[in-house]
Amino acid sequence: MKTLSVALDSNVMKAKQSIGTKSDGELVLLTLDGRQDAFGTIVERYRSRSVRVAAAMVGDIELARDLTQDAFFKAYRALNTFDIQSPFLPWFYRILKNTCRDQLRRKGRFRRIMEKIKYTVVDRADMRDEVDRTETAVMVRCAVDMLAERDREIIELRHFSGLSYDEISQMLDIPKGTVMSRLHYARKALQEILVKTFHVKAGDL
Amino acid sequence: MRNCSDFQILITGYVDHELTDDQVAELKEHLAGCQECRKELERARIMKNALDMMSIKTPEDDYWDGYWAGIYNRCERQSGWLFFAMGVTVLLIGGIITLFRHVLFGPDTPIWVSVGGTAAVAGTVILVVSLIRERIRVDRHERYKDVRR
C-alpha cells in the first residue's frame, strides 16, 4: 500500500514537473481540455510580474492583487478566443491593462497620483530626507502622468514595475532594441516636461 | 556606422545594465572621444536614479496566500450569478404573465384595476427602456471617455 502511495506521489510530482516546463500555448490547450492545473501554472508563471505592472498603474499593491486576479479570471473565460499561434503574455497584458484602466476611471486624478506616491516611494537611507524625497516623487510622478500613453507605459513597466528589457519585450511583443529606444525617447520627453513645466534641471533631481 | 543619436540610445541601455559586452565596449570607445555623449550619460544616470526611486515594493511572501483560490472563487461565483440570473428571469417572466392573466385581466378584476395596472406596467417598461437607451447613447458619445483621468 505504501509502495502504491509512493508511486502515485511520484507520478503526481512528475506530472507537475512536466506541466511546469510546457510552453504557454501548450498550457492553454491543456486548460481548454479541462486541466485547471495547467492554467494554475500560467498564473504562477506570470502573477508576480502582473502584480508589479498593475501596482505601477493603480498605485496600490493590494488593489493590484484583486485586479490581477480579475484579469486572470477574464483571461480564463476568454481563453477560447486566444490565438494559440501568438504569445500569451501580450494578450494577457492587454486584458490586465484594460482591467486597470477601468479601475482608474473610477478615481479622480489627484487621488490616483497621491496613492501611487504613497505606495511607490522606497525607503533609502542614502537619499535625502523624507520631505525632499516625497517632493521629488510627487514631481516625477506628476511628470510621468503628463507623458503620452506610449511613453508612460514604458516608463511604468521599466521603473515602477522593475521589469527587465527581456520581460518588457515579451510583454509588449516588441524587440529588445525597441524597448531601449522607446525608453530613451520616453526619458527624453520626461526630462523636457520636468524642465518646461516644473522648471527642474536633471541635476536638481 | 553609428552616430551620436544611436549612441545616446545605447546610453539608455548602458545605465540600465542591459547592453551586451560588445555594445559596452563600442559605447565606451565612443564616450572617450565625445563630450556631448558623456554629458548625456550623466543626465541619463540622474534621470534613471530619480525614476528608480519610484519602484514598487516587492510584496511579502504571505501576499500570495490564497491567490489562486481568489481566481477559482471568481469562476465559482460566476456560475452562481448565472443560475441566479436565470432564476430571476424565469420568475420575472412567470410573474408578469400571472399578473396579467390572473390579476389585471382576471374574471373578477374591476376595469379600473386592469387599466391602472396595465398603465403602471407599461410606464415601468418605457422608463427602463429609456434609461437603458440613454446609458448606451452616453457611453457611445462620451467625448472624454478616452481621456485618462
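1. Chain B of this predicted model has a mean pLDDT of 87. In chain B, 94% of the residues reach 70 or more. The model scores ipTM 0.72 and pTM 0.71. As a reading rule, where pLDDT is low, the predicted coordinates should not be read in detail.

2. Chain B splits into two parts: domain 1 covers 4-53 and domain 2 covers 82-140. The C-alpha centres of domain 1 and domain 2 of chain B are 69 Å apart.

3. From α8(A), the contact uses A:Ile155, A:Arg158, A:His159 and A:Phe160. From α3(B) come B:Lys48, B:Leu51 and B:Asp52. By class, the α8(A)–α3(B) contact has three nonpolar, one polar and three charged residues.

4. Next, a helix pair within chain A. The axes of α3(A) (residues 36-58) and α9(A) (residues 165-172) come within 13 Å and cross at roughly 85 degrees. On the α3(A) side, A:Arg49, A:Arg52 and A:Val53 take part. They meet A:Glu167, A:Gln170 and A:Met171 of α9(A). The residues of this α3(A)–α9(A) contact divide into two nonpolar, one polar and three charged.

How values were computed:
Residues numbered from 1 in each chain as written. Chains lettered and ligands numbered in written order. Predicted model: local features only at pLDDT ≥ 70, side-chain atom pairs only at ≥ 80, totals over all residues. Heavy atoms only, no water. pLDDT = per-residue confidence, 0-100. Axes fitted to C-alpha atoms, helices over the stretch in contact; angles between N-to-C directions. Helix = DSSP H or I, 4+ residues; strand = E, 2+ residues; numbered from the N terminus. Contact = heavy atoms within 4.5 Å. Nonpolar A, V, L, I, M, F, W, Y, C, P; charged D, E, K, R; others polar. Domains from an automatic or database assignment.
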